[in-house]
Amino acid sequence: MIMVILGLGFLRRPLAIVAALLTALSTACLNDSFAGTFSEKITRTVRQFSPHFAAKLRPSHIPVIRGRPSAKRSIHICGQPRRVFVSIFASASLVLWYVSCGILTLLWAFAIGLLATVLHASFRTPNLKARLNTFREEFRAVWRNYSDL
């Protein structure tokens, strides 16, 4: 919901839309499964055009200690550690936000997006299906009592 509101907020500024996409990509790369899948897809796409360059996108070999790889394996995106990739994309998006003069609009869009998310979550009825089933059973019981009369 926040990304939709950000997209609507920057329809007038195409450079700000690119900044929003870079921000979304850098945020999404913080997720382990997304980062691994994204890196693999990029590597496969590059391999179609230049297998030599795709080999350079692979992460360096991790040293194995006593026959076992380390338990905490660092995630690499396009051959770089994830923190390097995320920091490059986050700084590029920050520069684009500054150049497009969209920082104030970004703050307003985030505030509206967070407000809409909180309002949506507060108005949601918990366990709606169980409530509807209970109401249906109560309605049937009342209807049976009226039909017995």
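Residues are numbered from 1 along each chain as its sequence is written. Because the model is predicted, local features need pLDDT of at least 70 and side-chain atom pairs count only at pLDDT 80 or more, while totals for chains, interfaces and linings use all residues; side-chain values use heavy atoms, leaving out hydrogens and water.

Let's begin with pLDDT, the predictor's confidence in each residue, from 0 to 100. Its mean for the protein is 79, and 83% of the residues reach 70 or more. Helices here are DSSP runs of H or I with at least four residues, numbered from the N terminus. Where pLDDT is low, the predicted coordinates should not be read in detail.

In helix α5 you will find Ser-93. Ser-93 is buried, with a relative accessible area of 4%; buried means under 20%, exposed over 50%, and partly exposed in between (1.4 Å probe, protein chains only). Leaving aside residues up to four places away in sequence, Ser-93 touches Ala-19, Leu-22 and Thr-23, where contact means heavy atoms within 4.5 Å.

Now move on to helix α6, residues 103–123. Its buried residues are Leu-106, Ala-109 and Gly-113. Seen down the axis of α6, they fall within an arc of 65°, so they line one face of the helix; the arc is that of the directions from the helix axis to the C-beta atoms. The face turned away from that buried side carries exposed residues, including Leu-107, Trp-108 and Phe-123.

Definitions and conventions
Helices (H or I, at least four residues) and strands (E, at least two) are DSSP runs, numbered from the N terminus. The expected span of a helix is 1.5 Å times one less than its number of residues.
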